Every structure is written in C-alpha cells, then in structure tokens.
Amino acid sequence: QVQLVESGGGLVQAGGSLRLSCAASGRTFSNYAMGWFRQAPGKEREFVAAITWSIWSGGRTNYADSVKGRFTISRDNGNRTVYLQMNSLKPEDTAVYYCAAQVPQRGFQADRTRYDYWGQGTQVTVSS
C-alpha cells in the first residue's frame with residue numbers, strides 16, 4: 001500500500017554532511033509517523049529520528065541521543081518526502097540507513113517493531 005525509497009547515501013569524511021531522502025508513494029499521508037533507523041554490520045537496527053503529523057496533535061520530531069544536535073529530520077509541504085540532514089558525521093555513523101512509515105500515527109516511534117512499511121536502505125560510510 002505504501003512504497004518507500006531512500007536515496008542520498010554515500011562516502012564522506014568525518015566532519016562532513018549528507019542529506020538523505022525518503023520518497024513515499026502509493027498513499028497520501030494525513031496522519032502518520034516516519035522514522036529513520038540504521039544498522040551496522042553485526043549490530044541491531046537502531047532508532048535515529050522520527051517525525052509525526054496528525055490533525056489532532058500537529059507535527060513533532062524526536063531523536064536518538066547519539067544524533068541529537070547533529071541530525072535533523074524534516075518533511076516537504078506535500079508530506080510525500082522525508083529528509084534526514086546529517087552534519088558533523090562520525091565514523092560510528094557508518095551504517096545502512098532505512099526509512100519507515102507508521103500509518104496511522106499511534107506512538108512508540110523509537111521502536112522498530114511499531115512500523116508498517118520499510119524502504120530498502122541506503123549506505124552511509126564515514127571515513128576517519
């Protein structure tokens with residue numbers, strides 16, 4: 001019902017920046033949460049950031065402590081694309097980054113088991 005496609009990954013030096021995009025198709029979002037997760041080899045998939053929107057509560061964002069102050073999640077005016085601006089990148093940020101959608105918004109956005117749709121991921125590699 002919803003398809004998600006990530007883009008914008010690549011290879012950068014420590015201290016550099018990347019902007020990831022997640023384009024949604026197949027459904028119009030009017031009450032939703034979208035999140036970014038990442039997974040490094042041999043590690044569990046971990047929460048990075050989430051953004052929510054509903055006519056009841058408006059829009060909100062939240063971030064993992066490890067990226068707070070460095071990463072920013074945002075959406076376009078049509079609610080069809082979500083972005084993750086990543087600044088001051090560190091080698092430990094290296095991972096495959098996935099976007100995910102929770103439709104409708106229903107809380108617990110930091111929990112990867114609460115999402116309904118997932119993209120295929122985009123590789124981010126930060127060299128030292």
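Is F108 buried or exposed? With a relative accessibility of 55%, F108 counts as exposed, where buried means under 20% relative accessible area, exposed over 50%, and partly exposed in between (1.4 Å probe, protein chains only).

The model is predicted, so local features need pLDDT of at least 70 and side-chain atom pairs count only at pLDDT 80 or more, while totals for chains, interfaces and linings use all residues. Residues are numbered from 1 along each chain as its sequence is written, and side-chain values use heavy atoms, with hydrogens and water left out.

**Salt bridges**

Side chains of opposite charge can pair when their charged atoms come close. Six salt bridges are found in a search of the whole structure, a salt bridge being a side-chain nitrogen of Lys or Arg within 4 Å of a carboxyl oxygen of Asp or Glu.

| Pair | N to O distance |
|---|---|
| D93 and R38 | 2.9 Å |
| R106 and D116 | 2.6 Å |
| D111 and R114 | 3.4 Å |

The side chains of D93 and R38 meet in a salt bridge. Because D93 lies in the loop between β8 (81–86) and β9 (95–102) and R38 in strand β4 (residues 32–39), this pair ties together parts that are 55 residues apart in sequence. Helices (H or I, at least four residues) and strands (E, at least two) are DSSP runs, numbered from the N terminus. D93 is buried, at 0% relative accessible area, and R38 is buried too, at 6%. Both residues belong to a network of salt bridges that links R38, E46, R70 and D93.

R106 is partly exposed, with a relative accessible area of 42%, and D116 is partly exposed at 34%. For the pair D111 and R114, the relative accessible area of D111 is 27%, which is partly exposed, and R114 is partly exposed at 35%.

**Backbone features**

Most residues other than glycine have a negative phi, and most peptide bonds are trans. The bond that joins V103 and P104 is a cis peptide bond, with omega about 0°; P104 is in the loop between β9 and β10. F108, found in the loop between β9 and β10, is not a glycine but has a positive phi of about 55°. S88, also a residue other than glycine, has a positive phi near 50°. S88 is placed in the loop between β8 and β9 and is partly exposed, with a relative accessible area of 42%.
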